[in-house]
Amino acid sequence: MREFMQYITNAFYGATGWNDDNTYKDLNATAKGLIDFPLPRGLRLNLSSLATPHFATSYQLGTIGVVDGSISYLHSTIPLTNIAAQSDRIPLSALLRSYRRLHGLGSRDGQWCWEAEDTTPAGAAQPAASTTSPSATSAGSTLLYGRLYLPQSLLEALVVRRLTPELQVQLSAVSERSLRNGGTILGLMQYDRGKYGIEGLFSTDGGLLGFRGLYNFGGDTSPSSPGSPTGPASSENSGNGQSSEKERIYGRFSAGGEVYYGTLNKSGGMSLGGRFATLPAHRGTPLTATLTINPLMGNINATYAVLAKDYCALATRMEFNVYSYESEWAVGMELWSNRRPAGFLLGADPRNQEVVPEPEVPKIKERSFQAKLEWRLDDEGPGPSVPNAPENCEEYRGVLKARMDQNLRIGLLWEGRAKSLIFSLGTGIDLRKLDEPFRSLGLEIQYSS
């Protein structure tokens, strides 16, 4: 579950129009979210509030043998008025959904539909912010964030400054007595031109210097291709072979790499990677495939994630080392449900248990064999374009996440909403130790206003 402050930070990026997918560090974000999701440990309670459109606070209290907690504050120079801050109104996908669909270059509209579906009722007026270009007001926007951990007295801070619509600077710092020199500072300068994005970084920890970049090609990056293959232009040319090919596989290729060097310890490293991901306008099954290589260490990492249905996402990861011949694999999934969690304990809702009348059940048309081979839907003639977000944005009450690796270690996580509380209940299981299979158990509760 994403924390409230992370949700607000993503809202800041959305309000300023920053494309956080166009970075090399997020190349494997989809598979990582589906496989490496964190499990709560012990009992943890989060109380948060967006007091004003410019200011947010968050308080966390937890217990894992000892009582600990944290206090967080966030300030944004740009008003965050187009988001839901109450825990009973926040779209669950904004906090819980792991599969990330790419959006159009230079615009966050498509991603925001999937990460935080619009909760405006049908027929109601849309927020005025949707008619204003984020880039017009992004220059000069600043985000300030600070968090104090207790009783460790550890302090972390983050400053994000948008210098121009294409240039952004991030400065993060951690202060703690056990760290070298009492703390560390990490600076990032990010430049996003849509078709490519580059980053330069510096860290006081080891005097690290680094550079990474990502270049996009294919799909919506081609100047000759229309913005959406399902628009009027492609509908008229549906008989054209080139247009049908675009409808069959419509995605974006990304290739990039990183290189870094520690000036104090005189050591360096590098990695190369590539990704193919379908765009929201793709008519078939959404998928994401990545391949990263570390030539110096000999590591090869391949991931594949697919959104089989709107309520089901699957991912797999395979790692191999060419020097030691060691390999690792892991699989993960998330399954959304519209049923109440433990409904017999929370009280049954008759409306949720009524059987839908037969006449109202739509007939499911079986796809043709050719369409299944090409991972697309059957052509149904001219019609409305495929939406970027599910029709029923808030039809789900919770999600079950699961993962397993080659060591038979299983992670189970159930997340959802009960009344005005968003909860996360998870456990870790080791099947190789059947006498004590449960390795961890935790419950996290989040409330915001």
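Modeller: Here it is; note that this is a predicted model.

Biologist: Which residues of α1 are buried?

Modeller: Helix α1 spans residues 4–16. Most of the helix is covered, with 11 of its 13 residues buried. The buried ones are Phe4, Met5, Tyr7, Ile8, Thr9, Asn10, Ala11, Phe12, Tyr13, Gly14 and Thr16.

Biologist: How far does α1 reach from its first C-alpha to its last?

Modeller: The helix has 13 residues. At 1.5 Å a residue, 18 Å is expected. The model comes close to that, at 19 Å.

Biologist: What follows α1, and what is its phi?

Modeller: Glycine 17 comes after the helix. Its phi is positive, near 75°.

Biologist: Is threonine 288 buried or exposed?

Modeller: Threonine 288 sits in strand β12, residues 287–294. Its relative accessibility is 6%. The cut-off for buried is under 20%. Threonine 288 therefore counts as buried.

Biologist: Which side chain makes a polar contact with threonine 288?

Modeller: Threonine 288 touches several residues beyond four places away in sequence, among them Thr30, Arg275, Phe276 and Tyr304. Tyr99 is also one of those it touches. The polar contact, 3.1 Å between side chains, is with tyrosine 99.

Biologist: Which strand gives the largest share of the nonpolar patch?

Modeller: The patch covers about 790 Å² of surface, and its residues include Leu45, Phe55, Val67 and Leu421. Strands β1, β2 and β3 each supply at least two residues. The largest share, three residues, comes from β2.

Biologist: How exposed is leucine 421?

Modeller: Leucine 421 lies in strand β18, residues 421–430. It is partly exposed, with a relative accessible area of 37%.

Note on methods
Residues numbered from 1 in each chain as written. Predicted model: local features only at pLDDT ≥ 70, side-chain atom pairs only at ≥ 80, totals over all residues. Heavy atoms only, no water. Helix = DSSP H or I, 4+ residues; strand = E, 2+ residues; numbered from the N terminus. Buried < 20%, exposed > 50% of the residue type's maximum accessible area, 1.4 Å probe, protein only. Polar contact = N/O pair within 3.5 Å; in protein donor to acceptor, adjacent residues only side chain to side chain. Contact = heavy atoms within 4.5 Å. Patch = residues over 30% accessible without salt bridge, like charges linked within 9 Å, V, L, I, M, F, W, Y side chains within 5 Å. Areas by Shrake-Rupley, 256 points an atom, 1.4 Å probe, with all protein chains shown as cover. Salt bridge = Lys/Arg side-chain N within 4 Å of Asp/Glu carboxyl O. Expected span 1.5 Å × (residues − 1).
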